[in-house]
Each structure stands twice: as structure tokens, then as C-alpha cells.
Amino acid sequence: MSQQLHFLLIDDDRKQATHTEKLLKTVGNSLQLEWVADLDRGLERVEKGDLDGILLRISDNVPRAAIAQLRGANRTIPIVVSVTQNQMEAAAESLRQGAQEFIIEEFLTAERLLEAAKYAVDVMKNRVALEAANEQFRESDLRMRAVLNASLDCIITLDTKGHILEFNPAAENTFGYTSDELVGRKATQLFDSSRKKTFPIDALQQYQQYGENPEIGRRIEIKALRKDRTDFPAELAVHPVPLEGEPMFTIFLRDITARRNAEEGQKQYAAELERSNRDLEQYVSIVSHDLTTPLRAITGFCQLLQIDHHTHFDKKAQECLTFIVEGARRMRALIDDLRTYSKVTTKQKPIECVACQEILKDSMNNLELEILEVQPEIITDNLPEIMADKTQMVQLFQNLIGNAIKYRSERDLQIHVLAERVNCEWVFTIRDNGIGFNPEETDKIFEIFQRLHVDEDQYSGTGIGLAICKRIVERHQGRIWAQSVPREGSSFIFTLPVVPEERVTER
Ligand code: ADP
């Protein structure tokens, strides 16, 4: 050992102490001694610290409890006792009380003393390390136990044969067993073995044999059995616990009754919603058909009167006929818009990849007359390809651009159609420099039949267009809103996910 050791020598015989010191000098200075004559002074010195060990010479003056007292002063200081051949009893007693080594005075050599000192230091070092490791283990065991106890999930530990080793409080609550009732029993009794899908007990041994098994670590849904033999749906995963020797397994299990009920409720709700949407569409379709036929007759006969029999009518009567035709036209528009609105969720086409430029082109074709008349400047920027129902997207762009044209101001009309990618979404903006609207009414305009500009002569409409837009955007998992400054213009903004979720949500 290259390290120099500094021991305290407690010896009430001055001559003997000097002898020991001299003896040591013959083997260099690997062990240095600092002498005190009695235990009291020895204790004082030990408390000051900075010592590697103690060499205590047992004599009649040394009290029996000396080792215990020295241990009290320093729990981890190595102690070597020096005894005579006749004091072997005292040597054994010292070891019992906490000394690490003893030497026999009659056979004392410098080498033996050095060896005893080193040995005592090593033993104590190992003991301290062991105690620290034990303490660490105790702490991590306590932490693990706290996690086990606080966990809301059932945590069940098993051996490779599937015997339960541990059953945490959440498992006790869920299954109705106490831990004592189950420890040592097979885990299979917690599951309904009559079902095709039951607890994969064989997987544990196979895992032990081959080091892998597809069932280990996989999430499975299974029927679990309570103590009263009622069953409940559970989700579990079995994980190996990496230990030396035979592995253990931990089951993490959760009662998913509430989730299942919620899913069931959601399914029922979705089915009901779909049925009611279908009923609505059917209803709208029948009503609109029933209404359209007499409406067509009214318009046709009125036009006949206007053209073929106009000589029979005075100016006032002619004006009335014009009102009737105009009213019928508005009613027709209302019926058509309602039909479109009801079809958004029922007449869906599959989601496909489609270029926005194409969507824009189609919607502008549908607005051909208005565009020819108003000649707006349409500026597009960065229009991407999107995943969407093309027909509905054409309807969306057409409604928004149609409104921009309809609610234009005296200025030359400019319409910007822009898209920007923000994280996982495309954000589209359709901006005009038209008459704008009161921004406090923003939410209202997306509701069905809500119109802010009600002068029919100037701005004809049904109040359904933006409600249709909202339905289409939401059906595509997006959001729509508007901003406006009166007399300066409006922006209609909507988002679409870059990659839509597989199932298009019903609204
Ligand atoms: P409609 O145009 O048939 O009245 P919409 O649902 O399309 O119905 O629009 C609702 C209301 O929102 C309109 O009546 C109008 O007051 C307002 N609005 C829609 N688009 C614009 C726009 N681009 N500029 C100003 N106001 C608009």
C-alpha cells in the first residue's frame, strides 16, 4: 500500500509504546503512530478526527467497554487491539464489540503490525461501502414501493411460472383481493381462461428460454376477473424485470370499463348523428322536391302572364307579378342552399390529393358570370396540394370568393387567395377590399340564416353560404374564422390539416 496510514496508539505503558514505535520505524514510515496514554485522551483525539485507525493496547486499566466507547466517538474508524497471549478472551470480546483485528504482543513484529493495520482499514472500508450500498438499496426499494403504492394502475409482479410475488394497492382495489390472499398463487386466476384471448402465461417461460416473446411488452386487451368472479375489460402489458438469475415479470394493468363505455357512447352518438344527418338530408330532399314543383309552376305561370297576357294587366299588376317571380326565385335559392348544407355530411366523396389551383379554377368557372361582370383582380400565392373532398373544397372557395364579389365596395375589387403552412396545418386566407362588416358580429355570420347586409336589392342571399363553409371546413378537421375592418375589407381564414386523420369527423 503506497498510502501512509496514521494510527492513534492508546497504550498506558509508556515503555511498551516507545518500543512499538521504534519497531515500526524499521519498516519505513507506512504506518505512523500518534501516542496517548489513556482512553479519555484517546477519545478526545478520535473526536478531533483525521486518523486512519486506532491501535488499542488492552491492559487492566482499559475498561471493558473501551471499544464501544471508541465506536461511539467514530462509527467507522478501524480498530486493532493488542493483547497478550493470556488475553485471548479479551481479544474475542473486542472483535465482538467492533474491533477489526487483533495482534499478540508476544509475537509482535513490525510487518505483522503493518499487516494488521492495513487489514483493519480494508475491512472497515468494505463495511462502509456495503452499508452505503445497503442504504442506497433501501432508499430505491422505498422509492419503488412508494411508486407501487401510489400507482393508479395495477402492478403485479410474477415469477417465470406465473406465481404472484407482489400485488399493489391499486390491484387490491381493482380485483377485490388482498395482497396476502394472492401472493404465491397463479396469476391465471385473475383472468377469464374460458376466452380465446386470455393471459399469456406460456409467454413467460418462453421468454425465459429464448430471451424474447411477441406477447411480452405488447399491449393486450383482455377480460379480467374480480374476486367475486365478475369480469371487466382490462388493458395490460407484461414487461420483464431485468435481474440477474431467473427473470421476474411485471404486469401493468388498467380497468378500461369507463373508456369502453365512453367509446360505446361515442359510437352510439356517431351512429345517431349519422342517422339524423341522413334523415335531415332525406327530409330536405323531399321537402325541396315538393316545394320546387309548385314553385316552378308559380314562376312559369307568372312568366306566361307577363309575356302572353301583359295587355290585360295594368302597371301595378305587372309590378306584383315581378315581385312574385322574384320571391319564387329567392325561395328556389333558399331551397338549393339548404339542400347543399344538408349534403355536406351525408354526400361525402373520398378524401383525395388535389391541387388548390384546380379547386380555384373550378370555383371561378362556377362564378363565371359574376367574374365577367365585376372583373376582379385575383391574386394567388403559395397554393398547395391538399388532401380533401374536391367537390366540397370547390364549394368552399366558391362561397368565399362569391361573397368577396357580392360584398365589394366602389373600389376596384382585389381578392387575395393565400396559403401558409403553420406546423401541421395549412392556413388559407381569402382577403378582399370590399365593404367589410362589424367585427363584433364575426361569430354570428357563420350561423345559418344570419345576414349582416339585408338589403335584398343590393345584396341578395340566403344567409346559408358561410354556414356551409363552416360545415365543410369542420368536416375536414379544420377551423374557420373571419376578420374585418368596415369599409376596408374582410379576411376569411380557415385551416386544413396537412395530413388529415383517417376518419373524417361527422359534425
Ligand atoms: P349570404 O351572403 O347569403 O347573406 P353568407 O352566409 O354567405 O350568406 O354570409 C353571411 C353574412 O356575412 C352576409 O350576409 C354578409 O353580411 C356577411 N359577409 C359574408 N362575406 C362577406 C364579405 N366578404 N364581406 C363583407 N361581409 C360579408
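**Close-up views of a predicted model**

**View 1. Strand 14 and strand 15 form an antiparallel pair.** Strand 14 (residues 414-422) and strand 15 run antiparallel and are joined by eight bridges. The model is predicted: local features need pLDDT of at least 70, side-chain atom pairs count only at pLDDT 80 or more, and totals for chains, interfaces and linings use all residues. Residues are numbered from 1 along each chain as its sequence is written, and side-chain values use heavy atoms, with hydrogens and water left out. Helices (H or I, at least four residues) and strands (E, at least two) are DSSP runs, numbered from the N terminus; two strands pair if DSSP finds at least two bridges between them. Ile415 stands opposite Asp432 in strand 15. The hairpin of strand 14 and strand 15 has two residues between the strands, and Asn423 there takes a positive phi near 50°.

**View 2. Strand 15 also pairs with strand 17.** Eight bridges connect strand 15 to strand 17 (residues 489-497), and these two strands run antiparallel. Trp426 stands opposite Leu496 in strand 17. Six of the eight residues of strand 15 (residues 425-432) are buried, where buried means under 20% relative accessible area, exposed over 50%, and partly exposed in between (1.4 Å probe, protein chains only). Thr429 is in strand 15 and is buried, with a relative accessible area of 15%. Not counting residues up to four places away in sequence, Thr429 touches His416, Val417, Leu418, Ser491, Phe492 and Ile493; contact means heavy atoms within 4.5 Å.

**View 3. Helix 11 has buried residues on one side.** Cys356, Ile359, Leu360 and Ser363 of helix 11 (residues 356-366) are buried. They lie on the same side of helix 11 because they cover an arc of only 95° around the axis, the arc being that of the directions from the helix axis to the C-beta atoms. An α-helix has 3.6 residues a turn, so residues three or four places apart point the same way. The cover over the buried residues of helix 11 includes strand 11 (352-355), strand 12 (377-381), strand 13 (385-388), helix 13 (390-406), strand 14 and strand 15.

View 4. The ligand is surrounded by 20 residues, and the closest are Lys406, Tyr407, Arg451, His453 and Leu466; a residue counts as near if one of its heavy atoms lies within 4 Å. An N or O atom in the side chain of Lys406 is 2.8 Å from an oxygen atom of the ligand. A polar backbone atom of Leu452 is 3.0 Å from an oxygen atom of the ligand, and a backbone N or O atom of Thr462 lies 2.9 Å from an oxygen atom of the ligand. On its own the ligand has 520 Å² of accessible area, of which the protein covers 98%.

**View 5. Ala224 in strand 8.** Ala224 lies in strand 8 (residues 219-225) and is buried, with a relative accessible area of 0%. Leaving aside neighbours within four places in sequence, Ala224 is in contact with Phe175, Leu190, Phe191, Thr230, Asp231, Phe232 and Ala234.

**View 6. Two loop residues with positive phi.** Most residues other than glycine have a negative phi. Asn382, in the loop between strand 12 and strand 13, has a positive phi near 65° and is partly exposed at 47% relative accessibility. Gln477, in the loop between helix 14 (465-475) and strand 16 (480-485), has a positive phi of about 65°.

Key. A polar contact is a pair of N or O atoms within 3.5 Å; within protein, one must be able to donate a hydrogen and the other to accept it, and residues adjacent in sequence count only if both atoms are side-chain atoms. Accessible areas come from the Shrake-Rupley method with a 1.4 Å probe; for residues, only the protein chains shown count as cover.
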